[in-house]
Amino acid sequence: MQDAPKTEKRKDSRGRVLRTGESQRPDGSYQFRWSEAGQRRTRYAPTLEELRQKEDEIARQRLLGRLSTGGTATVGQLVERHMLLRPNLRERTRRSYRNTIAHLQQDELWSRKAKDVTVGDCKLYFTRLHQGGLSYESIRNDHSFLSSVFKNAVEEGTAGWNPFSFRLNFLQREPKPEREALTPQQQAALLDFMDTDAYCRRYRDLFIVLLHTGLRAGECAGLTIEDIHLHGGYLQVDHQVYYSQEQGGMVWAPPKTEKSCRKIPLPAPAMEALQRRITAVRAAGRCEVIGHRRHFLFPCYHGSRPLHGVDFDRIFRNVHRRYRQSDGPPIPALTPHILRHSYCTGLVHRGLDVKSVQYLMGHASAGITLDIYSHVKYADVREKLLDLAS
């Protein structure tokens, strides 16, 4: 059997071997042809050396994914399209995105053609935000959002590449403020005070439940009679409620993450508080129906709907202001998250393992839970070591 004849390589007039796509024209100049997005493209040069410089630049640009398919969309238009395709965002997420968009609309990057934006342009944009006083955490949120915008635009074919796919290590990161948890003594002082104040007493059961379950605000607002299993001694978390401006009212939604679906054991104080709320809600029965449920345990003052973010902000601000006028020990500014953090910290100090704490908190990953463990102080470590020594 004879070997197949070898294909003769194409050469130019000087005997130099030409690469795939290269050819010499009748006038002695050179051209390079390739396909991009289904279209034939051509570059010309008077010499082979100059043509190959252009080829190298084309290869570099293709490696970066930047070759345009002729799109003229601006960065702002990509952002607006991204938001239109996500009508069911949670209100808190939508507010965060609106802040990011507001930052971008004030910058020249908003009106730039997406195909012309470079990594350097994006880094300079974040540098301008940082110099303007925006915190590192806010810039990190902006970076994450814009990277998602371009990532999805690339998948849809409306952008050639993602110029935001870089890390923010060129910006100086401010030290993250350490979260303060209420000590058992502070918790007791706060609840004792709330029992003596007419306004605060109205919300004492809310504070008790948050301190003994670690629920997020939306999870707590969504609690109904059906979620409380007094005979089993636990409550079920499988949803949340929140206010949506776009949807014109309260919305029933899944919890924050898949790991947020959980059962939380109820200690005696939480059981008693929830029993009081069940009795009160059954007597009132005025709350609107959301997600086929109406017996929400923590309605607003008029009882017509569950609490939402503005209600929580007002309640916690007023309780903290009134408490500060008392003789109780000082406490940090009160928020639902501070009570959640206090619950989590209490679990850690009582020696509960990481995976159990992660489950009870509904954290998406153990890394979030371990961040709580990193706040253990010298006094806690010393006490545990002394216990081990004895």
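This is a predicted model: local features need pLDDT of at least 70, side-chain atom pairs count only at pLDDT 80 or more; totals for chains, interfaces and linings use all residues.
Residues are numbered from 1 along each chain as its sequence is written, and side-chain values rest on heavy atoms, with hydrogens and water left out.

The protein holds 15 helices and 8 strands. These elements are DSSP runs numbered from the N terminus: helices are H or I with at least four residues, and strands are E with at least two. Of the 390 residues, 41% count as buried. Buried means under 20% relative accessible area, exposed means over 50%, and partly exposed lies in between, for a 1.4 Å probe and protein chains only. Contacts (heavy atoms within 4.5 Å) were also sorted by sequence separation. Among those between residues at least 6 apart in sequence, 57% join residues at least 24 apart.

An open sheet is formed by 3 strands in the order 1-2-3, with antiparallel pairing. Two strands pair if DSSP finds at least two bridges between them. Strand 1 (22-24) and strand 3 (39-45) are the edge strands, and each pairs on one side only. From one strand to the next, the twist averages 25 degrees. Axes here are lines fitted to C-alpha atoms, for helices over the stretch in contact, and angles run from 0 to 180 degrees between N-to-C directions. Strand 2 (residues 30-36) pairs with strand 3 in the antiparallel sense over 7 bridges. Phe32 has Arg43 of strand 3 as its bridge partner.

The whole structure was searched for cavities. A cavity is a set of points, on a 1 Å grid over the protein atoms alone, where a 1.4 Å probe fits but cannot get out. Grid points are joined across faces, edges and corners, and a volume is the space filled by probe spheres set on the points. The search finds 1 cavity of 30 Å³ or more. About 50 Å³ of space lies in the largest cavity. Its lining residues (an atom within 4 Å of a point) are Leu78, Arg81, His82, Leu85, Arg86, Val149, Asn152, Ala153 and Glu156. Helix 2 (75-84) and helix 5 (136-156) are the elements that give two or more residues to this lining. Helix 5 supplies the largest share, 4 residues. By class, the lining has 4 nonpolar, 2 polar and 3 charged residues. Nonpolar covers Ala, Val, Leu, Ile, Met, Phe, Trp, Tyr, Cys and Pro; charged covers Asp, Glu, Lys and Arg; the others, Gly among them, are polar.

His82, one of the lining residues, sits in helix 2. His82 is buried, with a relative accessible area of 6%. Residues up to four places away in sequence aside, His82 touches Phe145, Ser148, Val149 and Asn152.

Ala114 lies in the loop between helix 3 (91-105) and helix 4 (119-131). Ala114 counts as buried, at 6% relative accessibility. With residues up to four places away in sequence not counted, Ala114 touches Ala73, Thr74, Val75, Leu78 and Phe150. Ala114 and Gly160 are 46 residues apart in sequence, yet 8.4 Å apart in space, C-alpha to C-alpha.

His292 is placed in the loop between helix 10 (268-284) and helix 11 (309-324). His292 counts as exposed, at 81% relative accessibility. The phi of His292 is near 65 degrees, a positive value in a residue other than glycine. Most residues other than glycine have a negative phi.

Terms used
On a 1 Å grid over the protein atoms alone, a cavity is a set of points where a 1.4 Å probe fits but cannot get out, and a pocket is an open set with protein on both sides within 12 Å along at least five of seven lines; lining residues have an atom within 4 Å of a point.
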